[in-house]
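I opened the model today and kept notes as I went.

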Amino acid sequence: MTQPVPTDDVDVTVISGLSGAGRSEAAKALEDLGWFVIDNLPPALIDKMLSLALAPGNDIKRLALVIDARGGAFFTEAATALDELRDTVGNFRLVFLEASESALVRRFDATRRRHPLGSEGSVTAGIQRERRVMSVFREAADVIIDTSNLTPQDLRSKIAAYFGSVVGGGLRATVVSFGYKFGLPLDADLVLDVRFLPNPHWVEGLRELTGHDEAVRDYVLGQVPTKEFLERMRDLFEVLLPGYMNEGRHYLTVAIGCTGGRHRSVVLAEEIAGLIEERGLPATVLHRDVARAPVAP
């Protein structure tokens, strides 16, 4: 590939990552969003596929390629092909899907599949080997999605948040509420801890509700520390967002955490998304743990 492709000619997304982390589910989500998806495309054919997409008469504007790397020549070819794509295509991004070792082991056990890189049937050895092999892809990724605590529907929602609307554009933000009881979202660029705010869990009549309920919202937003926090966040994003855009960032994930992910973080995630939208940028809100059972702080 030697000639640059104009940005508005084609939008190319490459889905890669660890086996069992959700590549196929992400591909289905993109296909449902209207992307032309090709799974398991050999790296040597990427150039040819791009040429076909740009050929007169074709109406492919959003192309998604799903690839993995299994070591040896295949890995070298894949890494080279992605470097060429990044240099050639104006609207290119690489998405890397990963998950914790325990989550991947559970998934392989549930499906009774052997890991493609597992020696003598060892799933754990295969995961560790693949993580090493794929580290170059992870380091080059524009978007990293940790699926350890995501259901297939959660992953689809996250893909839709990143890729469901307009082609190209500037910075896109995703704001995720979560509970520290269930672990940090490992793919977050910025994590904000709101456990310093009064907890609705201890207020009679609010424990069984969530941050979607008006009574909880009124309680959280009525606190003086909440108002001060949001003012500081408005000032912070006035500095951060232009800085991210100046650095060429296209995706930003902000995680807002409280104890259980049901009350304070849900309310504040919606408010933080509003602050980002005040800056003229799109923001999608995902509530990772709001449906989980209440937990005692």
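**Entry 1: ground rules.** I am working with a predicted model, in which local features need pLDDT of at least 70 and side-chain atom pairs count only at pLDDT 80 or more, while totals for chains, interfaces and linings use all residues. Residues are numbered from 1 along each chain as its sequence is written, and side-chain values use heavy atoms, with hydrogens and water left out.

**Entry 2: one sheet.** I looked up the strands (DSSP runs of E, at least two residues, numbered from the N terminus). Two of them pair if DSSP finds at least two bridges between them. I found an open sheet of five strands with parallel pairing, in the order 2-3-1-4-5. Strand 2 (36-39) and strand 5 (143-146) are at the edges with a single partner strand each, so one side of each has no neighbour in the sheet. I then checked strand 1 (residues 11-17) and strand 4 (residues 91-98), which run parallel and are joined by seven bridges. Here V12 stands opposite F92 of strand 4.

Entry 3: Strand 6 (residues 172-179) runs parallel to strand 8 (residues 251-258), and eight bridges join them. I picked out V176, whose bridge partner in strand 8 is A255.

**Entry 4: cores.** A nonpolar core is a set of buried Ala, Val, Leu, Ile, Met, Phe, Trp, Tyr and Cys residues joined through side-chain atoms within 4.5 Å; buried means under 20% relative accessible area (1.4 Å probe, protein chains only). The largest core has 53 residues, and L63, L65, L85 and I145 have the most contacts inside it. A second, separate core has 29 residues, including F237, L241, L268 and I276.

**Entry 5: the pocket.** On a 1 Å grid over the protein atoms alone, a pocket is an open set of points where a 1.4 Å probe fits, with protein on both sides within 12 Å along at least five of seven lines; lining residues have an atom within 4 Å of a point. The largest pocket is lined by 26 residues, and G20, A21, G22, R23 and R113 lie nearest its centre. I asked which helix (a DSSP run of H or I, at least four residues) gives the most to this lining. Helix 4 does, with four residues.

Conventions
Buried means under 20% relative accessible area, exposed over 50%, partly exposed in between (1.4 Å probe, protein chains only).
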